[in-house]
Amino acid sequence: MPSCVKAAVMTQPGKIETQVFPYPQVSKDTAIVKVRLAGVCGTDVHLFRGRNKDLQCPIIMGHENLVEIVEIGEEAATRMEFSGQKLAVGDRIVPYPGHSCGHCWYCKNLPAQRYGPMCNGEGGACYGLAMRADQPPYLTGGFAEHMLLLPWVDAFKVPDGLPDEIAVLTDIFAGGTGILKTMQPSPMLQEGFRPTGTVAIQGAGPMGLAAAVTARIFGAYQVILIGGPAHRLEIARKLGVVDAIIDLDEVPDPAERVRQVQALTQGGVGPDLVVDATNVATALREGLEMVRRGGTYLETGSFEDTGDVTINVFKHICSKDVYLMGHFGSPPASYGTALKVIDLAWKRGIPLDLLVTDCWPLEKTQQAFESKLGYGGIKSVIDPRL
Ligand SMILES: [Zn+2]
Ligand SMILES: [Zn+2]
């Protein structure tokens with residue numbers, strides 16, 4: 001084993017430097033993993049911009065991690081995998097980054113959210129987002145050669161044959177599985193998302209494209225994408241999962257976009273489901289105008305405070321009889337679902353590897369973040385093996 005581990009440490013917002021840590025020690029209930037790929041998430045970019053006042057530096061960011069086990073304790077080998085599979089050295093896993101307190105109201109009362117992002121108790125933690133690099137166990141983010149996985153980590157074994165650059169998209173697709181939340185028990189009611197439904201997606205970033213693929217895999221009849229810029233839409237086209245694209249640069253008027261989307265749907269009534277993945281507050285109003293009466297609006301786009309927006313309660317909510325749903329973060333079980341969705345999509349020939357548009361060595365993590373300040377590629381990843 002090496003004697004030290006290199007990591008990209010953010011010492012203050014906007015400043016990332018390479019630091020060296022001692023190689024950690026494994027115990028019976030922990031694992032040491034080698035990072036194969038770590039995705040740069042929009043959430044990381046918000047931290048880099050200094051927009052989160054709870055951020056504690058120094059921190060090794062990176063919560064979208066595809067890793068390989070290099071050492072694992074015997075208890076961890078039988079307990080750490082979420083679905084009960086045994087783990088061994090050499091296995092590729094995706095570790096769920098979050099840990100919740102287990103005793104707050106949310107942890108106790110929302111079983112599906114257990115250890116999920118609803119927790120507001122003391123003692124929660126999150127790899128890559130809320131653990132300090134100057135306190136044990138130090139190696140708690142994916143922008144590093146190795147990480148130490150603590151006993152509470154839920155790991156998900158990667159299906160054989162699924163390429164690294166697709167498995168690293170698990171976290172993004174876990175967000176995309178928010179669509180499943182809108183599924184209704186009775187398709188006859190024509191509420192929520194259902195197979196053969198029409199879905200419009202606002203936003204052509206990683207979340208929007210993951211939502212488009214997920215909608216298609218789960219049987220959407222028609223998928224309409226509203227977004228930009230052109231190079232992102234080009235990738236959306238190549239994925240082959242969208243039927244129509246409205247380019248924001250070509251159709252800058254929101255009212256005209258609403259007209260165009262509605263005209264694409266059967267009877268001109270509008271989509272059954274509209275999903276926001278834009279991180280722009282005004283998308284809400286536009287989406288509520290677009291969705292058909294009795295349809296569903298899923299808000300997955302705002303992971304930071306994007307400000308206020310004006311809607312007309314009568315026009316946009318009541319008279320529309322709309323389901324308006326929020327979706328924040330992803331509970332651990334959604335990682336298992338996401339891995340199945342991407343495995344299925346890959347086996348069906350959807351070229352998900354196109355979503356990884358740029359790959360950076362650890363030493364260039366600062367540059368990787370600077371490149372994300374505009375609407376650059378889709379998903380940037382750090383490969384600490386480079
Ligand atoms: Zn993320
Ligand atoms: Zn809790």
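The model is predicted, so local features require pLDDT of at least 70 and side-chain atom pairs count only at pLDDT 80 or more, while totals for chains, interfaces and linings use all residues. Residues are numbered from 1 along each chain as its sequence is written, chains are lettered from A and ligands numbered from 1 in the order in which they are written, and side-chain values use heavy atoms, with hydrogens and water left out. The protein contains 13 helices and 17 strands; helices (H or I, at least four residues) and strands (E, at least two) are DSSP runs numbered from the N terminus.

**Overall dimensions and packing**

- The radius of gyration of the protein is 21 Å, which agrees with the value near 21 Å for a compact globule of 386 residues; the radius is taken over C-alpha atoms, and the globule rule is 2.2 Å times the number of residues to the power 0.38.
- Along the principal axes, the C-alpha atoms fill a box of roughly 65 × 40 × 40 Å.
- Of the 386 residues, 54% count as buried; buried means under 20% relative accessible area, exposed over 50%, and partly exposed in between (1.4 Å probe, protein chains only).
- Among contacts with a separation of 6 or more, 70% come from residues 24 or more positions apart, a contact being heavy atoms within 4.5 Å.

**Surface and charge**

- The mean positions of the 35 positive and 42 negative charges lie 3 Å apart. Lys and Arg count as positive and Asp and Glu as negative, with His and the chain ends not counted; each charge is placed at NZ of Lys, CZ of Arg, CG of Asp or CD of Glu.

**Salt bridges**

- The whole structure holds 20 salt bridges, each defined as a side-chain nitrogen of Lys or Arg within 4 Å of a carboxyl oxygen of Asp or Glu.
- Glu17 and Lys15 form a salt bridge at 3.6 Å, N to O. Glu17 is partly exposed at 30% relative accessible area, and Lys15 is likewise partly exposed, at 37%.
- Lys379 and Glu64 meet in a salt bridge at 2.8 Å, N to O. This pair links distant parts of the chain, 315 residues apart, with Lys379 in strand 17 (residues 379–382) and Glu64 in strand 4 (residues 64–72). Lys379 is buried at 2% relative accessible area, and Glu64 is buried at 1%.
- Glu286 and Arg257 form a salt bridge whose closest N and O atoms are 2.7 Å apart. The pair joins helix 10 (residues 283–290), which holds Glu286, to helix 9 (residues 254–264), which holds Arg257, across 29 residues. Glu286 is buried at 10% relative accessible area, as is Arg257 at 7%.
- Salt bridges that share partners connect Arg36, Glu68, Arg92, Asp164, Asp383 and Arg385 in one network.

**The loop residue Ala277**

- Ala277 lies in the loop between strand 13 (273–276) and helix 10, and is buried at 13% relative accessible area.
- The C-alpha atoms of Ala277 and Gln202 are separated by 5.6 Å, although the two residues are 75 residues apart along the chain.
- Apart from its neighbours within four places in sequence, Ala277 is in contact with Gln202, Gly203, Met207, Gly208, Thr300 and Gly301.
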